[in-house]
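Subject: Structure handover

Hi,

Here is the structure I promised to pass on. Please open it alongside this note.

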Amino acid sequence: MLSITKLAAASAMAALLALPSFVAAAQEPVAELTCDSGHFQPASLNVSANRQVRIKVTNRGNSPIEFESFEMNRERVVQPGRSITVILPKLDPGEYHFFDDFHHETGQGTITAR
Amino acid sequence: MRQLLPAASAAVLLLSIQLIPVSMTNPPTGQEFSAPAEVGSVLQRGCYDCHSNRTRWPWYAHVAPVSWLVAHDVSDGRRHLNFSTWDAYAGDPGTAAEKLRKLSKVTSKGSMPPWYYTMMHPRARLTRGDRMLVAGWAARGASIEESASAPASR
């Protein structure tokens, strides 16, 4: 009986310890970016500095796009009509350039970490 | 004397451009790309000069104007794919998958390493077996990374 009590207490403790990470994941900010005909909307995004940020990128166009940033070391292809979620690194305050590698002329934008 | 003027001008110009500084450094490495030994060996031989922070700078890389081209190629290569800072991609499994997918594609197609590089670096030439080894391994790695990123991409 005692061992069951101990087991229950240990389980409760484990759940409590795990709770902050679930809460943190739930609070992880998600910014949204849409790309249509080679243009990003919005072309500039503000995100929190020094925090893990996810960006949902949706391709509303008829051809694939490639969300790419050398400064943030990210590169993702998004097929037409699909969405992907890019996990950004924790960014120092500053401005970071991103572009659509398949539509260089028009697909440009910046992420500002504050 | 007049006949020597163009040659003298060219010599002066060539000497002058040597004074233009060109950045040729090997920055500290982050968490290196990890691959089976045989795959790693092919990548180091064929790709690392432009796609890592362990570039071997040949003597002619220090002579302008060749130095400008070499420095540009290395800088551009590192921006697109740097095996020495793989941890920078690993935070987003979808990015790691994309890098591996492209690695598989360019090695299987034979578009990398470029011909003008292998002309000067014969050891970097990849055999058909080398290409199949790297392409197959990278494609499998891309699938694994892709499945890791799937929950985040819904």
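Below is what turned up, grouped by region.

One caveat before the details: this is a predicted model.

**Helix H6 of chain B**

Start with H6(B), residues 93-109. The geometry checks out. At 1.5 Å a residue, its 17 residues should span 24 Å, and the end C-alpha atoms are 24 Å apart, so expectation and model agree. Buried residues in H6(B) include B:Pro93, B:Gly94, B:Thr95, B:Glu98, B:Lys99, B:Leu103 and B:Thr107. After the helix comes B:Gly110, with a positive phi near 85°.

B:Leu100 is another residue of helix H6. Its relative accessibility is 4%; buried means under 20%, so B:Leu100 counts as buried. What does B:Leu100 contact, beyond its neighbours within four places in sequence? The partners are B:Phe33, B:Trp86, B:Trp137, B:Ala138, B:Gly141, B:Ala142 and B:Glu145.

**Where chain A meets H6(B)**

B:Lys102 is the residue to look at here. Its side chain forms a salt bridge with that of A:Glu75, at 2.4 Å from N to O. A:Glu75 sits in strand E6 (residues 74-78) of chain A and B:Lys102 in helix H6 of chain B, so this pair joins two chains. Buried or partly exposed: how do the two ends compare with the cut-offs? A:Glu75 is buried, at 4% relative accessible area. B:Lys102 is partly exposed, at 29%.

A:Glu66 also reaches B:Lys102. Their side chains make a polar contact of 2.3 Å. A:Glu66 belongs to strand E5 (residues 65-69) of chain A. Its relative accessible area is 0%, so A:Glu66 is buried. Leaving out residues up to four places away in sequence, A:Glu66 touches residues of both chains, among them A:Glu75, A:Arg76, A:Phe99, A:Phe102, B:Glu98 and B:Lys102.

**Other salt bridges**

Over all chains, the structure holds 11 salt bridges.

- B:Arg45 pairs with B:Asp130, the closest N and O atoms being 2.9 Å apart. B:Arg45 lies in helix H2 (residues 37-46) and B:Asp130 in helix H8 (residues 128-149), so the bridge ties together parts of chain B that are 85 residues apart in sequence. B:Asp130 is buried, at 13% relative accessible area.
- B:Asp76 pairs with B:Arg79, with the closest N and O atoms 3.1 Å apart. Both lie in helix H4 (residues 66-80) of chain B, 3 residues apart, about one turn of the helix. B:Asp76 is partly exposed, at 25% relative accessibility. B:Arg79 is partly exposed too, at 42%.

There is also a network. Salt bridges with shared partners join A:Glu66, A:Glu75, B:Glu98, B:Lys99, B:Arg101, B:Lys102 and B:Glu146.

**A nonpolar patch on chain B**

Last, the surface. Which residues form the nonpolar patch there? They are B:Trp115, B:Tyr116, B:Met119 and B:Met120, with about 500 Å² of accessible area together. B:Met120 lies in helix H7 (residues 115-120) of chain B. At 45% relative accessible area, B:Met120 is partly exposed.

Best wishes

Methods. Residues numbered from 1 in each chain as written. Chains lettered and ligands numbered in written order. Predicted model: local features only at pLDDT ≥ 70, side-chain atom pairs only at ≥ 80, totals over all residues. Heavy atoms only, no water. Helix = DSSP H or I, 4+ residues; strand = E, 2+ residues; numbered from the N terminus. Expected span 1.5 Å × (residues − 1). Buried < 20%, exposed > 50% of the residue type's maximum accessible area, 1.4 Å probe, protein only. Polar contact = N/O pair within 3.5 Å; in protein donor to acceptor, adjacent residues only side chain to side chain. Contact = heavy atoms within 4.5 Å. Patch = residues over 30% accessible without salt bridge, like charges linked within 9 Å, V, L, I, M, F, W, Y side chains within 5 Å. Areas by Shrake-Rupley, 256 points an atom, 1.4 Å probe, with all protein chains shown as cover. Salt bridge = Lys/Arg side-chain N within 4 Å of Asp/Glu carboxyl O.
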